[in-house]
Amino acid sequence: MIFLGIFLLGCAAFPFALEHARLKMDKKARADAPGDFYYLKTGLTHYRYFGPKTGGLIVCIHGLTTPSFVFEALAKELVAKGYRVLVYDHYGRGYSDRPSGVQDRQFFVQHLHELLAGLGEKDVFDLVGYSMGGAIASAYGAKHPERIKKLILLATAGMGHELGSLTKVATKVPLLGTWAFMLLYARIFLQTTEKERALVTGVNYIVDRQQRELNYLGFLPSVLASLRGILTTSSQADHQKLATKNIEVVAVWGAEDNVIPISGKGRLLKWNEASRQIVVANAGHGLPYTHAREVIQNLALD
């Protein structure tokens, strides 16, 4: 019985021991980071600007697992049109700090609000949100509509998603779900990203850079915190409020997306009849890096 108890205790501790052994996101890890950093109340935030200082500002918010480098191809297209682009890493991803705790809509809205204030960005801007970032962008726009010129949503969360059975268990079962997620999610993440290695993308080495996230302490807990936080809520109230503020909302969907179902298109139209819907043929969930040019062309930006 004693040996069985020790064995069970070891099994229970194993995924958390693996997490503890991961690398820290510290000065050494940030040595190759492009862009800059800003200290906010919750921690250090990594951000990058692209394009001329005189260009109209577009702020881009990334999704659940792929940091701000996901926008490199999109930023290149936007800069070619004269825009200035700001991207940043959520806490727990990329080169930003890894604080523990809840990652709900207020957490993400406050992060962006503090970053913009710290960087001295006071003018109105276009806001782009990809996947989970779409739910964040919608929440930010609903809370601060006076800041937004146009809201652009790419394969947006907040109206239904399909992230697999493990994430469903992890969000609904506190203790066992946490253990299962910490044990199994890294393998699933590797398998899922590896399937995209054959895709033609505008972001160099994107699969290797996505998988690199698993090397660092705090990534998995942050993903789980978001799954249990902002990704458990609907964006309905945010979009209904945005509709009353007459903010232009453009949603772009991948016709072959198996993560964010295209059924969200109809749901968004019910919430905001004035929203414009665009479907990119032959595109999956990787819209910003597989179809950046098509996305920009469909947006018909000046």
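Trainee: Which helices each supply at least two residues of the lining of the largest pocket?

Mentor: Helix H5 (165–172) and helix H6 (174–194) do. Keep in mind that this is a predicted model.

Trainee: What makes a residue count as part of a lining?

Mentor: A lining residue has an atom within 4 Å of a grid point of the pocket or cavity. The largest pocket has 33 such residues. Glu162, Leu163, Thr192, Val259 and His285 lie nearest its centre.

Trainee: Which helix gives the largest share of that lining?

Mentor: H6 gives the largest share, with five residues. The volume of this pocket is about 880 Å³.

Trainee: How do the residues of the lining of the largest pocket divide by class?

Mentor: There are 14 nonpolar, 15 polar and four charged residues.

Trainee: How much space lies in the second largest pocket?

Mentor: About 200 Å³. Its lining has 14 residues, and Pro34, Phe69, Tyr95, Arg209 and Arg212 are the closest to its centre. S2 and helix H7 (206–212) each give two or more residues to that lining. By class, the lining has four nonpolar, three polar and seven charged residues.

Trainee: Why is a space called a cavity and not a pocket?

Mentor: A 1.4 Å probe fits in a cavity but cannot get out, whereas a pocket is an open set. This structure holds two cavities of 30 Å³ or more. Ile58, Leu74, Val128 and Leu301 are among them.

Trainee: Which elements give two or more residues to the lining of the largest cavity?

Mentor: Helix H2 (72–80), strand S6 (148–154) and helix H12 (292–299) do. H12 gives the most, with three residues.

Trainee: What lines the second largest cavity?

Mentor: Arg105, Ala135, Ala139, Ile230, Thr233, Ser234, Ser235 and Asp238. The classes here are three nonpolar, three polar and two charged. This cavity has about 30 Å³ of space.

Trainee: Why are H6 and H8 called roughly perpendicular?

Mentor: Set the angle against the cut-offs. H6 and helix H8 (residues 219–227) pack at about 110°. Angles of 65 to 115 degrees count as roughly perpendicular. H6 and H8 are therefore roughly perpendicular to each other. Their axes are 10 Å apart.

Trainee: Which residues of H6 and H8 make the contact?

Mentor: H6 brings Thr178, Phe181, Met182, Tyr185, Ala186 and Phe189. H8 brings Phe219, Leu220, Pro221, Val223, Leu224 and Leu227. By class, this contact has eleven nonpolar residues, one polar and no charged.

Trainee: What is the order of the strands in the open sheet?

Mentor: The eight strands run S1-S2-S4-S3-S5-S6-S7-S8, with mixed pairing.

Trainee: What makes S1 and S8 stand at the edges?

Mentor: Strand S1 (36–39) and strand S8 (276–280) each have a single partner strand, so one side of each has no neighbour in the sheet. From one strand to the next, the twist averages 25°.

Trainee: How do you know that S2 pairs with S4?

Mentor: Pairing needs at least two bridges between the strands. Four bridges join S2 (residues 44–50) to S4 (residues 84–88). The pair therefore meets the cut-off. These two strands run antiparallel. Phe50 stands opposite Val85 in S4.

Trainee: In which sense do S1 and S2 pair?

Mentor: In the antiparallel sense, over four bridges. Phe37 stands opposite His46 in S2. The hairpin of S1 and S2 has four residues between the strands, and Gly43 there takes a positive phi near 160°.

Definitions and conventions. Residues numbered from 1 in each chain as written. Predicted model: local features only at pLDDT ≥ 70, side-chain atom pairs only at ≥ 80, totals over all residues. Heavy atoms only, no water. Axes fitted to C-alpha atoms, helices over the stretch in contact; angles between N-to-C directions. 1 Å grid on protein atoms, 1.4 Å probe; cavity = no way out; pocket = protein on both sides within 12 Å on 5 of 7 lines; lining within 4 Å. Points joined across faces, edges and corners; volume = space filled by probe spheres on them. Nonpolar A, V, L, I, M, F, W, Y, C, P; charged D, E, K, R; others polar. Parallel < 35°, antiparallel > 145°, perpendicular 65-115°, else oblique. Contact = heavy atoms within 4.5 Å.
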